[in-house]
Amino acid sequence: MSKYVDAHCHIEDKAFNKNRDEVVKRAKENNVIIITSGASFGGCVRALNCKRLYDIYLTLGYHPSRVNADDKIINKVYNLIKENEKEILAVGEIGMDVKIENIKRQEEIFKKFLELSKEINKPIVAHARGFEERIFKLSDQPIMFHCYSGSLELAKEIGESGNLISISTLVCFSEHHKKLVEKLDIDYITTETDSLIYLQ
Ligand SMILES: [Zn+2]
């Protein structure tokens, strides 16, 4: 029987507090494998609990929208990931976003988690809106580009060098994303819902 993979979602988000059991049950009944992604300290703690409770897959990271947090919080997430390295498939989501302020600090935080991924020998899940090329150049770890929205040319380069392009639900209404799926080799495409989406 075919299995589907939701390669990036946020089932740990508080928005699912009311119906998380039901959502996970429905996914399992429909052969959907869930990979949930902690994106803040609280989110990472909740995501770890979800993994244990529902027997789903996990990545842990720190979303670039949280750029203004001080080092104390960032170190807490860093340590939590390190302590739970055996529980995770990858470090992420981590990255940079052109629509969020303080690019310099975003890059600094991204590099810190990138170093951690090397240390614990895990791939990364990158949130790279507007910085697809920069993240690709900065990283020497395998990457899954979550919710990829960059160019077709770069996507080919990314895929051909052993990384993954994850296509979100944007494919339902964006011509660019439809074209990406049409033209890219299916071997390096994953699919995701990104539920719940943090930012527009
Ligand atoms: Zn996400």
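These legends describe close-up views of a predicted model. Local features need pLDDT of at least 70 and side-chain atom pairs count only at pLDDT 80 or more, while totals for chains, interfaces and linings use all residues. Residues are numbered from 1 along each chain as its sequence is written, and side-chain values use heavy atoms, with hydrogens and water left out.

View 1. A cavity is a set of points, on a 1 Å grid over the protein atoms alone, where a 1.4 Å probe fits but cannot get out; lining residues have an atom within 4 Å of a point. The count comes to 1 cavity of 30 Å³ or more. The largest cavity has a volume of about 50 Å³, a volume being the space filled by probe spheres set on grid points joined across faces, edges and corners. Its lining consists of Tyr-62, Pro-64, Val-67, Ile-94, Gly-95, Gln-106, Ile-109, Phe-110 and Phe-113. Strand 4 and helix 4 are the elements that give two or more residues to this lining. Helix 4 gives the most, with 4 residues. Helices (H or I, at least four residues) and strands (E, at least two) are DSSP runs, numbered from the N terminus. By class, the lining has 7 nonpolar, 2 polar and no charged residues. Here Ala, Val, Leu, Ile, Met, Phe, Trp, Tyr, Cys and Pro count as nonpolar, Asp, Glu, Lys and Arg as charged, and the others, Gly among them, as polar.

**View 2. Gln-106 in helix 4.** Gln-106 sits in helix 4, residues 103-119. Gln-106 counts as buried because its relative accessibility is 2%. Buried means under 20% relative accessible area, exposed over 50%, and partly exposed in between (1.4 Å probe, protein chains only). Leaving aside neighbours within four places in sequence, Gln-106 contacts Pro-64, Val-67, Gly-95, Met-96, Asp-97, Ile-100 and Glu-101. Contact means heavy atoms within 4.5 Å. Gln-106 is also one of the residues that line the largest cavity.

**View 3. The second largest pocket.** A pocket is an open set of grid points with protein on both sides within 12 Å along at least five of seven lines. About 170 Å³ of space lies in the second largest pocket. Its lining has 14 residues, with Ala-90, Pro-123, Val-125, Met-144 and Leu-164 nearest the centre. Strand 5 (124-127) and strand 6 (143-146) are the elements that give two or more residues to this lining. By class, the lining has 11 nonpolar, 3 polar and no charged residues.

**View 4. The salt bridge between Lys-51 and Glu-87.** A salt bridge is a side-chain nitrogen of Lys or Arg within 4 Å of a carboxyl oxygen of Asp or Glu. By this rule the model has 14 salt bridges. In the Lys-51 to Glu-87 pair, the closest N and O atoms are 3.1 Å apart. The pair links distant parts of the chain, 36 residues apart: Lys-51 is in helix 2 (residues 41-54), and Glu-87 is in the loop between helix 3 (71-83) and strand 4 (90-95). Lys-51 is partly exposed at 22% relative accessibility, and Glu-87 is partly exposed at 23%. Lys-51, Arg-52 and Glu-87 are linked in a network of salt bridges.

View 5. Arg-105 and Glu-108 pair through their side chains at 2.8 Å, N to O. Arg-105 is buried at 15% relative accessible area, whereas Glu-108 is partly exposed at 47%. Glu-115 and Lys-118 form a salt bridge at 3.1 Å, N to O. Glu-115 is partly exposed at 44%, and Lys-118 is partly exposed at 32%.

**View 6. The nonpolar cores and Cys-50.** A nonpolar core is a set of buried Ala, Val, Leu, Ile, Met, Phe, Trp, Tyr and Cys residues joined through side-chain atoms within 4.5 Å. The largest has 42 residues, and Ile-81, Phe-113, Ile-135 and Phe-145 have the most contacts inside it. A second, separate core of 10 residues includes Ile-11, Val-24, Cys-50 and Ile-56. Cys-50 lies in helix 2 and is buried, with a relative accessible area of 5%. Beyond neighbours within four places in sequence, Cys-50 contacts Ile-11, Glu-12, Arg-20, Asp-55 and Ile-56.
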